[in-house]
Amino acid sequence: MSNYDRIKAECYEANLLLPEFKLIDLTFGNVSVADRDQGVFAIKPSGVDYTHLSESDIVVIDLEGNIVEGTLRPSSDTPTHRRLFQAFVGIRSIVHTHSRNAVAFAQAGRSIPCLGTTHADYFYGEVPVTRPMTPEEIGSAYEWETGNVIVERFTDLDPAAVSAVLVHGHAPFVWGPSGKKAIENALALEIVAEMALKTLQLDPHVPSVEQHLLDKHYLRKHGAGAYYGQA
């Protein structure tokens with residue numbers, strides 16, 4: 001038995017949901033799950049096909065970047081995950097995908113506007129896009145700097161209220177309080193990205209949803225006054 005069996009199992013199960021929900025192509029994606037008390041997180045190994053992935057393959061890293069358990073190389077995106085875990089202390093799981101509609105917005109350098117209540121149920125306003133990374137950032141510690149531009153973009157945003165970001169020219173990172181919830185948020189992001197893309201094709205000048213409707217739909221599912229569901 002390992003001290004990290006719980007997060008390794010949660011991480012493994014969440015990673016398997018990426019191909020199940022068609023959020024990835026090939027091996028372009030990963031999920032991490034943190035144990036805040038132990039100061040570590042589990043993450044998918046780099047380049048391992050999901051059909052061959054096993055729970056024992058999952059790699060455990062501490063928040064200083066040291067491998068504490070595992071024999072395979074961790075995901076190349078590990079420094080980005082580590083930076084976000086350091087900055088966003090309220091999250092336990094991070095999902096990185098290359099889901100196609102969300103990537104379309106990232107490649108266009110456009111945020112995903114909140115155009116209706118499906119979006120408002122999950123994200124409290126637009127899903128932001130980062131600024132383009134500089135040649136110096138790309139040429140140095142690229143994955144770490146990717147995390148830094150995300151953190152910079154959230155200077156005046158609450159990562160608990162907007163649990164996703166688009167990295168300019170790249171792809172989304174999404175997070176949540178558990179592996180399954182982070183995957184759910186990633187799936188919701190791809191759904192609202194597709195809806196927004198189609199809506200903007202019908203009307204390129206459509207306005208964002210009214211603030212009172214955004215408030216109603218987001219706050220009925222989130223926060224102290226939430227009443228949606230059975231919990």
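Modeller: Buried means under 20% relative accessible area, and exposed means over 50%. Keep those cut-offs in mind, and remember that this model is predicted.

Colleague: Does Ala-160 count as buried or exposed, and why?

Modeller: Ala-160 sits in the loop between helix H6 (142–153) and S6. Its relative accessibility is 61%. The cut-off for exposed is over 50%. Therefore Ala-160 counts as exposed.

Colleague: How many Å apart in space are Ala-160 and Phe-173?

Modeller: Along the sequence, Ala-160 and Phe-173 are 13 residues apart. In space, C-alpha to C-alpha, the value for Ala-160 and Phe-173 is 14 Å.

Colleague: Now Lys-8. Is Lys-8 buried or exposed, and why?

Modeller: Lys-8 is found in helix H1 (residues 5–20). Lys-8 touches Ala-42, Glu-55, Ser-56, Ile-58, Val-60 and Glu-69, leaving aside residues up to four places away in sequence. Its relative accessibility is 10%. Buried is under 20%, so Lys-8 counts as buried.

Colleague: What is the order of the strands in the sheet?

Modeller: The sheet is open and has seven strands.

Colleague: What is the average twist from one strand to the next?

Modeller: Step along the sheet, strand by strand. The twist averages 25 degrees.

Colleague: Which residue in the turn between S1 and S2 has a positive phi?

Modeller: Strand S1 (residues 29–35) and S2 run antiparallel, joined by four bridges. S1 and S2 form a hairpin, with four residues between them. The phi in question is about 70 degrees, and the turn residue is Gly-39.

Colleague: Which residue of S5 stands opposite Gly-29?

Modeller: S1 and strand S5 (residues 93–97) run antiparallel. Five bridges join S1 to S5. Opposite Gly-29 stands Thr-97.

Colleague: What angle does the direction of H7 make with that of S7?

Modeller: H7 packs on the sheet and touches S1, S5, S6 and strand S7 (172–176). With the direction of S7, H7 makes an angle of about 140 degrees.

Colleague: What distance does H7 reach from its first C-alpha to its last?

Modeller: Helix H7 (residues 179–202) has 24 residues. At 1.5 Å a residue, 34 Å is expected. The model comes close to that, at 35 Å.

Colleague: Is H1 roughly parallel or roughly antiparallel to H7, and why?

Modeller: H1 and H7 pack with their axes 9 Å apart, at an angle of about 20 degrees. Angles under 35 degrees count as roughly parallel. So H1 lies relative to H7 as roughly parallel.

Colleague: Which residues of H7 make the contact with H1?

Modeller: H1 passes H7 in a right-handed crossing. From H1, the contact is made by Glu-10, Ala-14, Leu-17 and Leu-18. From H7, it is made by Gly-179, Lys-180 and Ile-183.

Conventions
Residues are numbered from 1 along each chain as its sequence is written. This is a predicted model: local features need pLDDT of at least 70, side-chain atom pairs count only at pLDDT 80 or more; totals for chains, interfaces and linings use all residues. Side-chain values use heavy atoms; hydrogens and water are left out. Two strands pair if DSSP finds at least two bridges between them. Helices (H or I, at least four residues) and strands (E, at least two) are DSSP runs, numbered from the N terminus. The expected span of a helix is 1.5 Å times one less than its number of residues. Buried means under 20% relative accessible area, exposed over 50%, partly exposed in between (1.4 Å probe, protein chains only). Contact means heavy atoms within 4.5 Å. Axes are lines fitted to C-alpha atoms, for helices over the stretch in contact, and angles run from 0 to 180 degrees between N-to-C directions. Angles under 35 degrees count as roughly parallel, over 145 as roughly antiparallel, 65 to 115 as roughly perpendicular and the rest as oblique. A crossing is left-handed if the near helix is turned anticlockwise from the far one by less than a right angle, and right-handed if clockwise.
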